[in-house]
Amino acid sequence: MADVDFLSLFQGIATLVASPPKILIGRICLILFGFLLIYLGKKGVLEALLMIPMGLGMAAVNAGVLFFEHGRMGTLFLDPLVSEPAAVINVLQINWLQPVYTLMFSNGLIACLVFLGIGSLLDVGFVMQRPFRSMFIAICAELGTLVALPVGVWMGLPINEAAATATIGGADGPMVLFSALILAPKIFVPITVVGYLYLGLTYGGYPYLIKALVPAKIRGIAMPPEKVRAISATEKLVFAVVACVALCLLFPVAAPLFLSLFLGVIVRESGLTYFYELFSNQVLYGATFFLGLTLGVLCEANTILHPTVLILLVLGILALTFSAIGGLIGGYVLYFISGGKYNPVIGIAGVSCVPTTAKVAQKTVSAVNPESIILPHALGANISGVITSAIFAAVLVTLVRGIG
Amino acid sequence: MFRRAPRYAFWLAGAAIAFGGALAARLLADGVLAAYRVPVWITGCVFIFIGLAIVSLGNRQRREGDGDDKDDLGHAKTDAEQTGRRSTLISELRAYRRRRSGDGMGGTEDSR
């Protein structure tokens with residue numbers, strides 16, 4: 001017994017001791033941060049579906065570091081830095097999450113699967129009933145993306161990394177992942193993690209922003225009753241087909257995202273019940289689970305502790321705040337054009353992520369005036385926001401790749 | 001004349017504008033310097049949005065149009081409704097269903 005080397009037996013602790021101080025502190029902090037994410041997910045502050053697998057993955061990967069040959073440290077989860085074909089084949093047989101990462105994550109498939117599921121939940125009828133107002137607000141709510149790009153370059157980021165980070169302003173997790181994978185593959189992990197964390201946090205902060213920028217008297221405006229009619233499934237299908245093909249034609253670089261989103265819409269409107277059930281349940285939740293888990297596992301101290309993370313933290317919050325302000329400005333413009341009949345709080349719903357911001361808008365308005373129903377308008381802006389943020393991401397990817 | 005156009009005309013016109021705008025922007029963007037591509041893309045997007053809005057307008061004109069021969073639920077109007085003669089039980093029922101479908105809440109027909 002006296003010969004047993006306990007540090008060799010408990011290699012998680014041994015690697016912790018053997019790590020440089022920066023990595024040691026980083027690993028401990030990330031383990032604690034993983035616990036915090038699980039706690040906040042359980043409490044409902046952050047999105048539990050994503051944060052609980054992410055938090056546990058983050059804690060486990062930073063605890064489960066072991067020694068390999070020649071004293072090299074690593075994990076049995078996955079290795080994002082391997083790119084050589086022979087090495088990839090090798091790690092695919094060793095690391096248990098490597099197949100998910102290599103075959104679903106690094107090529108953007110998982111983002112497309114999430115989009116497929118989201119598309120199957122979208123009712124484009126809300127956009128079709130009020131297309132101009134919805135799209136106007138959605139375009140205004142991209143202000144954060146436009147502001148974050150030059151600020152990122154000014155803060156010293158290369159334009160590709162600044163553009164990838166600016167997509168956080170679109171407030172669409174899969175879009176951030178897709179853009180970051182193409183534009184900034186070296187730091188896509190911190191960008192995506194920052195994006196997802198902020199998406200959870202800022203929705204908690206948006207009600208305060210609304211209260212700060214919209215006086216209670218205006219917040220409580222009741223929208224006049226609209227004479228809208230039910231839109232048939234055929235009409236929604238025509239809309240989705242035209243939008244999908246036209247956008248793919250203009251931005252082939254984001255065609256996988258457009259196809260996934262509108263395929264979900266078309267499956268829903270075609271009455272393909274079995275596909276609809278598959279996409280809106282198993283595909284969406286399965287992809288979300290593996291997205292959260294893989295993102296968590298990618299947050300190993302060596303990968304996440306990148307010098308640009310602080311800049312990403314600042315840029316992310318800046319992008320989301322300006323997007324919300326832009327949406328509210330759009331709401332104010334419609335408020336003045338309509339002679340005070342349009343509730344400007346609807347503008348916040350232009351920041352996509354269906355249907356969270358639409359719910360935030362309705363809740364904030366209901367707190368002042370329970371009689372005011374703005375949800376149909378907010379959902380129109382919300383769904384337009386998804387389409388618009390995909391367009392903005394596509395413009396950035398095409399432009400920056402063209403420059404590169 | 002515009003208000004009487006069938007919805008297929010709106011769909012075709014909207015699709016033509018959206019596809020035409022996208023195709024033209026795509027072709028033009030390849031031929032200009034990188035710095036000028038963004039305005040070209042934005043113009044293409046504007047055409048796509050206008051096209052989609054025209055596709056959507058096909059519904060609105062049917063709702064607001066007074067010359068359409070179908071009601072909101074796709075049922076043809078009776079002769080009595082079209083000529084403004086005394087209403088019948090069937091026309092009353094259809095008018096009631098139309099009122100129900102346009103209740104001002106912005107609800108959309110679920111395909112499920």
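**A walk through chains A and B**

Helix 7 of chain A covers residues 109–121, and at 1.5 Å a residue its 13 residues should span 18 Å; the end C-alpha atoms are 19 Å apart, which agrees. The model is a predicted one, and every value here is computed from it. The surroundings of helix 7 come next. Of its 13 residues, 10 are buried, so helix 7 of chain A is largely enclosed by the rest of the structure. A residue counts as buried when its relative accessible area is under 20%. The buried residues of this helix include Ile110(A), Val114(A), Phe115(A), Leu116(A) and Ile118(A). Gly117(A), Gly119(A) and Ser120(A) are also among them.

The length check can be repeated on helix 19 of chain A, residues 309–337. This helix has 29 residues, which at 1.5 Å a residue should span 42 Å, and its end C-alpha atoms are 42 Å apart, so the two values agree. Just after helix 19 of chain A comes Gly339(A), which takes a positive phi of about 70°.

Positive phi values also turn up in residues other than glycine. His70(A) has a phi near 60° and is not a glycine. It sits in the loop of chain A between strand 1 (66–67) and strand 2 (73–74). Is His70(A) buried or exposed? With a relative accessible area of 81%, His70(A) is exposed, because the cut-off for that class is over 50%.

Ala171(A) is another such residue, with a positive phi of about 55°. Its place is the loop between helix 11 and helix 12 (173–183) of chain A. Ala171(A) has a relative accessibility of 0%, so it counts as buried.

In sequence, Pro158(A) is 26 residues from Ala184(A); in space, the two are 9.3 Å apart, C-alpha to C-alpha.

The next topic is the space inside the protein. How many cavities of 30 Å³ or more are there? The count comes to two. The second largest cavity has a volume of about 50 Å³. Its lining includes Glu142(A), Thr145(A), Thr167(A), Gly170(A), Asp172(A) and Met175(A). Ser389(A), Phe392(A) and Ala393(A) line the second largest cavity as well.

Chain B is left. Its secondary structure amounts to four helices and zero strands, and from the N terminus on the elements run α-α-α-α. Chain B has 112 residues, and 34% of them are buried. Among contacts in chain B with a separation of 6 or more, 51% are between residues 24 or more positions apart. The accessible surface of chain B comes to about 6,800 Å², and carbon and sulfur atoms account for 61% of that area.

Definitions and conventions: Residues are numbered from 1 along each chain as its sequence is written. Chains are lettered from A and ligands numbered from 1 in the order in which they are written. This is a predicted model: local features need pLDDT of at least 70, side-chain atom pairs count only at pLDDT 80 or more; totals for chains, interfaces and linings use all residues. Side-chain values use heavy atoms; hydrogens and water are left out. Helices (H or I, at least four residues) and strands (E, at least two) are DSSP runs, numbered from the N terminus. The expected span of a helix is 1.5 Å times one less than its number of residues. On a 1 Å grid over the protein atoms alone, a cavity is a set of points where a 1.4 Å probe fits but cannot get out, and a pocket is an open set with protein on both sides within 12 Å along at least five of seven lines; lining residues have an atom within 4 Å of a point. Grid points are joined across faces, edges and corners, and a volume is the space filled by probe spheres set on the points. Buried means under 20% relative accessible area, exposed over 50%, partly exposed in between (1.4 Å probe, protein chains only). Contact means heavy atoms within 4.5 Å. Accessible areas come from the Shrake-Rupley method with a 1.4 Å probe; for residues, only the protein chains shown count as cover.
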